[in-house]
Amino acid sequence: MHNPIRHAGHAVEEFFEAFWHLDGRLFRTLRDLVLPGRVAINYLAGHRARYIAPLRLFVVLSLLTFFIGSAAVHIEEGAVDVEGIEAITSAGTVEEVERVRDRMVGDIERARTAAGNTPGVMPSLVAAEVRIRGAAANRVVELGGRPKPGAAGASAGAPPAGPEGLQFNMLGHRGEWNARDNPVVVGWWPGFANDWLNRKIGNLEKNMRSLDSASADTWLQAVMSAAPSALFLLVPVFALLLKVAYLFTRRLYLEHLVVALYSHVFLLIMLSLAFVLSVLDGLVASTTANTLLGLGMAAVLLWMPLYLLLMQKRVYGQAWWLTLLKYLVLGFIYFMMLATATVLVFLARMTTA
């Protein structure tokens, strides 16, 4: 009779065998990823046992990359004078509000220039600007003035500031939202759906109020925590874009999905490297080392788009001019979708109690 219970030595042997097998596939996957398109081409050609499955690798790397980013990239409290927002709320005239607002926005512009291409910094600076402009617009209204168009917001795709009350001019609703006196009501929705919508709006207002007094670094961490979910949602969409762009290649959607997944795997690896370089740049004091790290960061940021272009050319094998055209169009569409999805995921999290 076969005994299913194995001795401890056999269990240890199986563990190391499984680990070595995984380690071998991991090494081959990372090694072949160095050459644009090689892993995707080999995987689609049937050499799948050599590599780690693209979906598994993408999920692990997406979580790992933004964990590294959250630990590595921070905004110093002194980088932007966000605490000076109290000067706006205590200003006695509209002119004083606008003067303080313009000074603080100028500080943010200088911080944005100094930050350069450091990954993850830009969203937090945009969020800080939104908070400043929102507070200024609210104070102008309190003083009996009218905020200038666009004064309450900043760049498109930024998280909203925490205003005194959420304003809606859509779905037939106007003015400041209030769950009891002025709720949002969609006429063709059933009552329970409108109740659910207003609960979500209430949660959003409460959570945005709590973030209104938070530091720029808190905003940065909140936005970065939404990025993995946005990426996970958009990879299938990117594969669909590839399917449309290369419709006449007669490749199946799942083949485009493999290309999309390995593209994102490479991007996540490079983004992790950029986060690490950014940390090292802040730790070392040597001018020579800082210069080398800056050159390394520039090389990473330049290699990322070039790699994806070469990968697209090698996988699909079309003429350079056509590949470049499709690459630019797809890249622009996807970048806008990713920015929008990140903000929407961020807002969706803000609607939870």
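## Salt bridges around Asp32

Arg50 and Asp32 form a salt bridge in which the closest N and O atoms are 3.6 Å apart. Because Arg50 sits in the loop between helix 2 (38-44) and helix 3 (54-72) while Asp32 belongs to helix 1 (residues 8-33), the pair ties together parts that are 18 residues apart in sequence. The model is a predicted one.

Asp32 also meets the side chain of Arg31 in a salt bridge, at 3.1 Å from N to O. Arg31, Asp32, Arg38 and Arg50 are linked in a network of salt bridges.

## Other salt bridges

The structure holds five salt bridges. One of them joins the side chains of Asp102 and Arg101, with an N to O distance of 3.0 Å. In this pair the acidic residue, Asp102, is partly exposed at 46% relative accessibility, whereas Arg101 counts as buried because its relative accessibility is 10%, and the cut-off for buried is under 20%.

As background, side chains of opposite charge can pair when their charged atoms come close.

## Overall fold

The protein has 11 helices and zero strands. Read from the N terminus, the order of elements is α-α-α-α-α-α-α-α-α-α-α.

Of the 353 residues in the protein, 41% are buried. For contacts between residues at least 6 apart in sequence, 66% join residues at least 24 apart.

## Surface and the nonpolar patch

The protein exposes about 19800 Å², and carbon and sulfur atoms supply 66% of that area.

A nonpolar surface patch of about 760 Å² is made by Trp321, Leu325, Val329, Phe332, Ile333, Phe335 and Met336. Val329, one of these residues, is located in helix 11 (residues 320-350). Val329 has a relative accessibility of 42% and therefore counts as partly exposed.

## Summary of the main points

The predicted model is built from 11 helices without strands.

How values were computed: Residues are numbered from 1 along each chain as its sequence is written. This is a predicted model: local features need pLDDT of at least 70, side-chain atom pairs count only at pLDDT 80 or more; totals for chains, interfaces and linings use all residues. Side-chain values use heavy atoms; hydrogens and water are left out. Patches are made of residues with over 30% relative accessible area and no salt bridge: like charges are joined within 9 Å, nonpolar side chains (Val, Leu, Ile, Met, Phe, Trp, Tyr) within 5 Å. Accessible areas come from the Shrake-Rupley method with a 1.4 Å probe; for residues, only the protein chains shown count as cover. A salt bridge is a side-chain nitrogen of Lys or Arg within 4 Å of a carboxyl oxygen of Asp or Glu. Helices (H or I, at least four residues) and strands (E, at least two) are DSSP runs, numbered from the N terminus. Buried means under 20% relative accessible area, exposed over 50%, partly exposed in between (1.4 Å probe, protein chains only). Contact means heavy atoms within 4.5 Å.
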